[in-house]
Amino acid sequence: MSGTLAKIAEIEAEMARTQKNKATAHHLGLLKARLAKLRPGEGFYVAKTGDARIGFVGFPSVGKSTLLSNLSGVYSEVAAYEFTTLTTVPGVIRYKGAKIQLLDLPGIIEGAKDGKGRGRQVIAVKIIENELEGFGIRLNSKPPNIGFKKKDKGGINLTATCPQSELDAETVKSILAEYKIHNADVTLRSDATADDLIDVVEGNRVYIPCIYVLNKIDQISIEELDIIYKVPHCVPISAHHRWNFDDLLEKIWDYLKLVRIYTKPKGQLPDYTSPVVLPYSRTTVEDFCMKIHKNLIKEFKYALVWGLSVKHNPQKVGKDHTLEDEDVIQIVKK
């Protein structure tokens with residue numbers, strides 16, 4: 001491990017010494033590709049429960065355990081010194097009918113992405129963002145608009161649908177050569193960087209919505225609080241005093257983009273107490289059936305839907321119909 005850390009440090013030092021411009025873009029792209037291959041990828045595994053889950057990531061002793069305790073009632077050891085949480089502590093909250101798992105992760109330290117200290121086991125403000133970047137986690141961003149397909153022969157075929165400020169054919173070939181890829185089709189559909197291409201080639205990057213929770217607002221002025229409120233993706237709170245938890249929960253709900261579907265048995269009123277909760281990317285009637293039971297789709301004939309996703313209430317729909325939040329559905333079997 002020490003040899004790997006030494007190589008990481010050596011590459012990072014060379015990158016820091018290298019001035020960033022068009023002439024050095026090829027060399028920097030090569031270094032970034034080598035660095036990406038050396039990063040450690042270990043982490044905790046916590047069994048998923050509920051409809052979604054949220055990880056609390058931050059420096060030691062900033063109030064993560066207090067926030068978890070006050071939100072969900074789960075006790076996580078709290079003290080004013082570093083690393084009181086030495087393992088991942090799960091809790092669960094119910095909000096707007098959804099069951100949301102909360103994970104109090106051990107305090108991250110600078111250098112965790114390189115395998116230093118307990119931070120190596122954490123999950124795998126700028127310092128935290130950089131650490132997460134090193135684990136392949138991309139915050140509040142979308143996957144690069146790059147087409148990438150390996151092939152058996154024909155060399156590297158590069159197509160750009162718009163002007164490129166960093167990547168050219170030589171740089172792309174050098175980065176792919178680091179991964180022993182010599183035959184592939186690459187399509188750049190936006191002004192891409194070397195990091196973008198590396199993310200696509202690695203194929204294991206995770207794109208996650210992120211909320212920056214700024215704790216201890218009881219220790220700042222109203223003027224400072226007004227400034228914080230203007231920062232994108234931020235929610236100021238006091239975990240100890242439970243201040244502004246309503247705003248935090250509402251922000252969490254917005255970022256999770258969950259869709260609640262209410263069931264209506266034939267001849268009965270809809271059940272508004274226990275919605276079936278779906279991720280926004282999978283909200284068809286078929287997705288709904290699969291969430292209930294995988295055999296339900298085999299018996300499916302059609303569905304009656306009430307709500308925003310239909311023009312008439314009720315409306316007869318098939319399995320490919322896309323549902324919207326708080327729709328009511330009744331499944332008719334064959």
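Tutor: First, a term. Helices here are DSSP runs of H or I with at least four residues, strands are runs of E with at least two, and both are numbered from the N terminus. Keep in mind that this is a predicted model.

Start with the loop between β13 (300-306) and β14, where P314 has its place. A cis peptide bond joins N313 to P314. Its omega is about 0 degrees.

Move on to the loop between β14 (315-317) and β15 (327-333). D320 is found there. Is D320 buried or exposed? D320 counts as exposed, because its relative accessibility is 59% and the exposed class begins over 50%. D320 still has partners. Not counting residues up to four places away in sequence, D320 touches T284 and E286. D287 is 33 residues from D320 in sequence, yet their C-alpha atoms lie 8.8 Å apart in space.

Now take the loop between β9 (212-214) and α7 (222-229), the place of I220. K216 sits in the loop between β9 and α7 as well. K216 is not a glycine, but its phi is positive, at about 65 degrees. K216 counts as partly exposed because its relative accessibility is 38%. I220 is also partly exposed, with a relative accessible area of 29%. Leaving out residues up to four places away in sequence, I220 touches L225 and I228.

Another loop runs between β4 (137-139) and β5 (146-150), and N140 is found in it. N140 has a positive phi too, about 50 degrees, although it is not a glycine. With 29% relative accessibility, N140 counts as partly exposed.

Next, go from the loops to a strand. Q101 has its place in β3. Why does Q101 count as buried? The reason is its relative accessibility of 3%, and buried means under 20%. The Q101 side chain makes a polar contact with the side chain of T49, at 3.4 Å.

Then the cores. In soluble globular proteins, nonpolar side chains tend to be buried together. Here the largest nonpolar core has 23 residues. L67, L71, I100 and L102 have the most contacts inside it. At least two residues of this core come from each of β1 (52-56), α3 (64-72), β2 (89-95), β3 (98-104) and α8 (245-256). Which element gives the most to this core? It is α8, with 6 residues. Look closely at L67. Setting aside neighbours within four places in sequence, L67 is in contact with F56, V213, I237, A239, F245 and L248. There is also a second, separate core of 18 residues, which includes V172, L176, A184 and V186.

Finish with a pair of helices. The axes of α5 (residues 169-178) and α6 (residues 194-202) come within 11 Å and cross at roughly 35 degrees. This crossing is right-handed. On the α5 side, V172, I175 and L176 make the contact. On the α6 side, A194, L197, I198 and V201 make it. How do the residues of this contact divide? There are 7 nonpolar, no polar and no charged.

Technical notes
Residues numbered from 1 in each chain as written. Predicted model: local features only at pLDDT ≥ 70, side-chain atom pairs only at ≥ 80, totals over all residues. Heavy atoms only, no water. Axes fitted to C-alpha atoms, helices over the stretch in contact; angles between N-to-C directions. Left-handed = near helix turned anticlockwise from the far one by under 90°. Contact = heavy atoms within 4.5 Å. Nonpolar A, V, L, I, M, F, W, Y, C, P; charged D, E, K, R; others polar. Core = buried A, V, L, I, M, F, W, Y, C linked by side-chain atoms within 4.5 Å. Buried < 20%, exposed > 50% of the residue type's maximum accessible area, 1.4 Å probe, protein only. Polar contact = N/O pair within 3.5 Å; in protein donor to acceptor, adjacent residues only side chain to side chain.
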